[in-house]
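Subject: Structure for you to look at

Hello,

Here is the structure I promised to pass on. Please open it first, then read my notes beside it.

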Amino acid sequence: MNSNKKTPKRTGSLQELLMYCLIIISVGVLFLGILANRDLAHELAQGGKNPLFWPAVVESITNCVMLFCAVMVFAIMQNVRKGKVFVKANANYIQLIGLAVMLNGFVQMYLLHVAPEGSLAITRSYYFFLLLGCFIGFIGCIFQIGIRMQEEQNLTV
């Protein structure tokens, strides 16, 4: 009997540990994004003549998207800590993450065609961001549908 009572508590503490790890990773990504964009600001101050300028632009845009996603994950974690898991706000945050990742892919695709020849080493990495963004956005849509179904069920009962 005692083992049944300890299992849910252990599972809850494991989920709490996972949430804290995600928050720590999100905060770490925030700081890494800020530090990485500092390098781009330095390149811009020098006039962008350095051959590493265009890769720094692509990396900085990706870091800004990561920074935005980290803020969204942090907002989701705050809602979860308040006991609000399956709410419209979390579904919207997930959809925003998917949109940001997808936009990163489009920006990389655009920069690949605009940048001077040979200045970017990326070839087809934007496909990954486009696909990942679509997948995350799809998960956000599924959340929206699930929330709507739950609301309709609560109204009929």
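Start with Lys 84. Apart from neighbours within four places in sequence, Lys 84 is in contact with Asn 79 and Asn 90. You will find Lys 84 in the loop between helix H2 (53–81) and H3. Is Lys 84 buried or exposed, or something in between? Its relative accessibility is 43%. Buried means under 20% and exposed means over 50%. Lys 84 therefore counts as partly exposed.

One caution before you go on. This is a predicted model.

Now the whole protein. It has four helices and zero strands. Read from the N terminus, the order of elements is α-α-α-α. The protein has 157 residues, and 30% of them count as buried. Its accessible surface comes to about 10,900 Å². Carbon and sulfur atoms account for 69% of that surface.

Next, the contacts along the sequence. Take the contacts between residues at least 6 apart in sequence. Of these, 74% join residues at least 24 apart.

Then look at one pair of helices. Helix H3 covers residues 88–114, and helix H4 covers residues 125–156. The two pack with their axes 7 Å apart. The angle between them is about 160°. Over 145 degrees counts as roughly antiparallel, so H3 is roughly antiparallel to H4. The crossing of H3 past H4 is left-handed. Which kinds of residue make up the contact of H3 with H4? There are 18 nonpolar, 11 polar and two charged residues in it.

Last, find Asn 104 in helix H3. Is Asn 104 buried or exposed? Its relative accessibility is 1%. Asn 104 counts as buried because that value is under the 20% cut-off. What does Asn 104 touch, leaving aside neighbours within four places in sequence? Asn 104 is in contact with Ile 61, Thr 62, Val 65 and Phe 129.

Lys 84 is partly exposed, whereas Asn 104 is buried.

Best wishes

Notes:
Residues are numbered from 1 along each chain as its sequence is written. This is a predicted model: local features need pLDDT of at least 70, side-chain atom pairs count only at pLDDT 80 or more; totals for chains, interfaces and linings use all residues. Side-chain values use heavy atoms; hydrogens and water are left out. Buried means under 20% relative accessible area, exposed over 50%, partly exposed in between (1.4 Å probe, protein chains only). Contact means heavy atoms within 4.5 Å. Accessible areas come from the Shrake-Rupley method with a 1.4 Å probe; for residues, only the protein chains shown count as cover. Axes are lines fitted to C-alpha atoms, for helices over the stretch in contact, and angles run from 0 to 180 degrees between N-to-C directions. Angles under 35 degrees count as roughly parallel, over 145 as roughly antiparallel, 65 to 115 as roughly perpendicular and the rest as oblique. A crossing is left-handed if the near helix is turned anticlockwise from the far one by less than a right angle, and right-handed if clockwise. Ala, Val, Leu, Ile, Met, Phe, Trp, Tyr, Cys and Pro count as nonpolar, Asp, Glu, Lys and Arg as charged, and the others, Gly among them, as polar.
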